[in-house]
Amino acid sequence: LCGRIEKIAVMLRDRIIEETTTLFVRNGVKSMRMDDIASELGISKRTIYEQFSDRESLIEACARHFFETKDAHHQQRVSGAHDIIEAFILLLEDWDEMMKTDMNFMKDLARFYPAIHKKIQEENHLRGRERLKASLQQTVDEGIFKPGLNLDFTVVALMSSISTVFITPSVYEEVKVSMLDAFKYITILFFRGISTEKGIQLIDETYGKYFSKELFSVGIAKPSEEKTIGI
């Protein structure tokens, strides 16, 4: 009996987290009061407080659920990629949705609940660094990236470069490059810079396969150089 009661409580907690996360993403974290959440979920506010000590603990649980769900989705998207190059390209297909949901949700957290935002971001960065480092090591072992790379620094440099797309998008707007294109070109430049000849050929073939002449739309490479992506 105790086990059944515990299972029901876990199911209720999971339901509250999942449905409240949807409400936060759709309506904004600040605008959803506990009364609103209880009404939308069709439960009492007391029931919510039986599962979560306060509003902040609910928000933190929802934020963690949101990013863990996104992470699981991204891992599924890249599961069929042949290498890290193709994996990054596949993630671009989720870009529009990520811009509409991730960014708004993150900005809301950062503005109104900075401590929660910082904690979740640190968790995400740590998980992302370890996963990216493992992928880079595999790519080095396959002869695509240069041997002897300082992988810890390489991971930090790549993640920092990509983060500028989110943090300072105005930098790219000044040179008439969209955030999507900025992400694309940053990865091209970075990966080619640490690649062996074999890696450069793979990058050119892979990006050419997915993007073709679109790759040169903002002058990273001139049309006459499209076979080698003359960066």
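Glu 86 counts as buried, because its relative accessibility is 9% (buried is under 20% relative accessible area, exposed over 50%, partly exposed in between, with a 1.4 Å probe and protein chains only). Glu 86 sits in helix H5 (helices are DSSP runs of H or I with at least four residues, strands are E runs of at least two, and both are numbered from the N terminus). Setting aside neighbours within four places in sequence, Glu 86 touches Ala 81, Thr 206, Lys 209 and Tyr 210 (a contact is heavy atoms within 4.5 Å).

A word on the model: it is predicted, so local features need pLDDT of at least 70 and side-chain atom pairs count only at pLDDT 80 or more, while totals for chains, interfaces and linings use all residues. Residues are numbered from 1 along each chain as its sequence is written, and side-chain values use heavy atoms, with hydrogens and water left out.

**Overall make-up**

- The protein has 11 helices and zero strands.
- Of its 231 residues, 41% count as buried.
- Among contacts with a separation of 6 or more, 65% come from residues 24 or more positions apart.

**H5 against H11**

- The axes of H5 and H11 come within 10 Å and cross at roughly 20° (axes are lines fitted to C-alpha atoms, for helices over the stretch in contact, and angles run from 0 to 180 degrees between N-to-C directions).
- That angle is why H5 counts as roughly parallel to H11 (under 35 degrees is roughly parallel, over 145 roughly antiparallel, 65 to 115 roughly perpendicular, and the rest oblique).

**H10 against H11**

- The H10 and H11 axes also come within 10 Å, crossing at roughly 160°, so these two helices are roughly antiparallel.
- Their crossing is left-handed.
- On the H10 side you'll find Lys 184, Thr 187, Ile 188, Phe 191 and Arg 192, meeting Ile 200, Ile 203, Asp 204, Tyr 207 and Phe 211 of H11.
- This contact has six nonpolar, one polar and three charged residues.

**Nonpolar cores**

- The largest nonpolar core holds 29 residues, and Ile 84, Phe 88, Phe 145, Phe 191 and Tyr 207 have the most contacts inside it (a core is a set of buried Ala, Val, Leu, Ile, Met, Phe, Trp, Tyr and Cys residues joined through side-chain atoms within 4.5 Å).
- Two or more residues of this core come from each of H5 (84–92), H7 (114–141), H8 (151–167), H10 (179–193) and H11 (197–211), with H10 giving the largest share, seven residues.
- Not counting residues up to four places away in sequence, Phe 88 touches Leu 132, Leu 158, Ile 162, Phe 183, Thr 187 and Phe 191.
- A second, separate core has 25 residues, including Phe 24, Ile 43, Ile 59 and Leu 109.

**A loop residue to look at**

- Lys 176 lies in the loop between H9 (169–174) and H10.
- Lys 176 has a positive phi of about 60° although it is not a glycine.
- With a relative accessible area of 74%, Lys 176 is exposed.

How values were computed
A crossing is left-handed if the near helix is turned anticlockwise from the far one by less than a right angle, and right-handed if clockwise. Ala, Val, Leu, Ile, Met, Phe, Trp, Tyr, Cys and Pro count as nonpolar, Asp, Glu, Lys and Arg as charged, and the others, Gly among them, as polar.
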